[in-house]
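Open the structure in your viewer and keep the selection panel at hand. We will go from stop to stop.

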Amino acid sequence: MNSERVHDKQARPNPDPAMYELLNTISSPAELRALERRQLAQLAEELRAYIIESVSQTGGHLSSNLGTVELTIALHYVFDTPNDRLVWDVGHQTYAHKILTGRRDGMARLRMHGGISGFPRRAESQYDTFGTAHSSTSISAALGMAQAARLRGETRRAVAIIGDGAMSAGMAFEAMNNAGVMDTNLLVVLNDNDMSISRPVGGLNKYLARLLSGGLYGAARKASEAVLGKVPQLWELAKRVEEHAKGMALPSTMFEEFGFNYIGPIDGHDLDSLIPTLKNISELKGPQFLHVVTRKGQGYKLAEADPVLYHGVSKFKPDAGIVGGKPGGKPTYTQIFGDWLCDMAALDARLVGITPAMCEGSGMVRFAREFPERYFDVGIAEQHAVTFAAGLACDGIKPVVAIYSTFLQRAYDQLIHDVAIQNLPVVFALDRAGLVGADGATHNGAFDFAYLRCIPNLTVMAPADENECRQMLYTAFQLDTPAAVRYPRGTGPGVAVSKQMQALPLAKGELRRQGSKIAILAFGSMLKAAIEAAEELDASVANMRFVKPLDADLVKQLAREHALLVTVEEGAVMGGAGSAVAECLAAAGLGPSLLHLGLPDRFVDHGDSAVLLAEIGLDKAGLLAAIRARLNG
């Protein structure tokens, strides 16, 4: 931990004050609102440069944050934050927001242990009104805040800023459906930055956005309703004429069908359009929907040219950009999965790959290129992804769902009801199991052992190394029942990967070291640390491989031969793999001393994974300390 703290202090040199003449005067939105309008363009330039400099020194999300600079400035300039609530969706677009709300210096330790989060967090700032890191929650949360203001008799506004594909999730539309009938003062801002629903069409569109958000239009509409509403036929005709007139210059009125007043699309980088439009909207009553079009990577040509590459970055030199990694390095577990998926698809035409908008993150780029007809990116829609896979499996297809452990939580009902109850052969490749490092608590795959092993019909496997990951994926695919293979982020211990694929014996672990008195039962990624600790303790070590069905014979054998059984897992201790071992022993009437080691009953924060594992006692030193404390206790 000390080494990381030293590293953190060196994360970013002091910036040249002359470069950020205006930005250095802003430590709160109140100071931003004191600026003259003509100064905001300069502020945007400085803010964008600061984000590039900061992220190049620390790593983090870049493209999406460069795209929200002007939008962030405009929102804080128009609305009285923090009294007015800004709720950011897909929270990796909030670096400009953090900088403008007093955390400029904190960017030096962004996503580092003890530093600020890469996502909004209520505990971090009063301006972070709602914690977000997964997508599509902003409209629901902002609607709740709008209703709270109404119930408390307060006049504050609630604004949801949603984008990065988050509108593809059903939850966003559920919230809009509800908001449309509540008639609360809610503004939804669609940051359309990935695939524009409609392109802005120059001056006419800008003029219409101002017109439709202005008081004159709203007053005229209310007056018409008061007069024509007494004659239903005339009022209905007037509404149809209005919708037709809008439709000639504006996109689909789908959002208005939800009960929102739709405005846009407008250029999300044009402050002269954003600010007057937002000011007009702030005076309107009821649900409002503003559609802005932004560009990921705006202002940094390399990120504009390849926003996917610059989405999440490690340290880099801004002048040179991202340079490819050194060839010949260890493959990541994600790469192991991607290679297996292509190899398996070549052998079995029934295989299809499904991902909820995580093609690059899940290692499916090559598969999408080589098997485009069998690749399905369903958008940020985890529930749909799982039930879609179930439908495919019903009719003879063999789906592989590539999904992060933490994202599968969002489709738990579908996993149980649509896959497991019907006992359908769907393979779940769970990436990012265990601690994920800089993304922190919202992305840690902490709970999959616990929430998966209680589901009937489901096989749950945890590889200890790269080759075992490949063979487990093959084993899962051969089953005619649901199966999950969970593997960590990053690289493994460096075991050579066999091109040949061979199914592992179901529910069978392996004894990797024979010792005496103490037996360590390691699940998945914990095997390496377990073996290292066992060398000093002369302990036996079992690579358990299967969490469900558990190798009960091996567990009982070890219980009979050892006085202390230690279970180790990179997952929540409560209800996890260690609990499965305890249940097995209780059922068999065996009572050796048990020690369960794993993730504690709290949310583990962001930081370097090795530092975090050491902090919670899941490295070699931590295992030794815990076991010796038990022996001496």
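Start with the sheet: 5 strands form an open sheet in the order E2-E3-E4-E6-E5, with parallel pairing. Strands (E, at least two residues) and helices (H or I, at least four) are DSSP runs, numbered from the N terminus. Two strands pair if DSSP finds at least two bridges between them. The model is predicted: local features need pLDDT of at least 70, side-chain atom pairs count only at pLDDT 80 or more, and totals for chains, interfaces and linings use all residues. Residues are numbered from 1 along each chain as its sequence is written, and side-chain values use heavy atoms, leaving out hydrogens and water.

Now select 186-192 and 288-293. They are E4 and E6, paired in the parallel sense over 6 bridges. Find Leu-190: His-291 in E6 stands opposite.

Move to the helices. Select 271-282, helix H13: this helix packs on the sheet and touches E4, E5 and E6. Its direction makes about 165 degrees with that of E5. Axes are lines fitted to C-alpha atoms, for helices over the stretch in contact (heavy atoms within 4.5 Å). Angles run from 0 to 180 degrees between N-to-C directions.

Then pick 69-78, helix H5. H5 lies across E2, E3 (158-163), E4 and E6, running at about 160 degrees to E2.

Last, colour by pLDDT, the predictor's confidence in each residue, from 0 to 100. The mean is 88, and 87% of residues reach 70 or more. Select 195-205: pLDDT stays under 50 there, and the model has 18 contacts beyond four places in sequence for this stretch.
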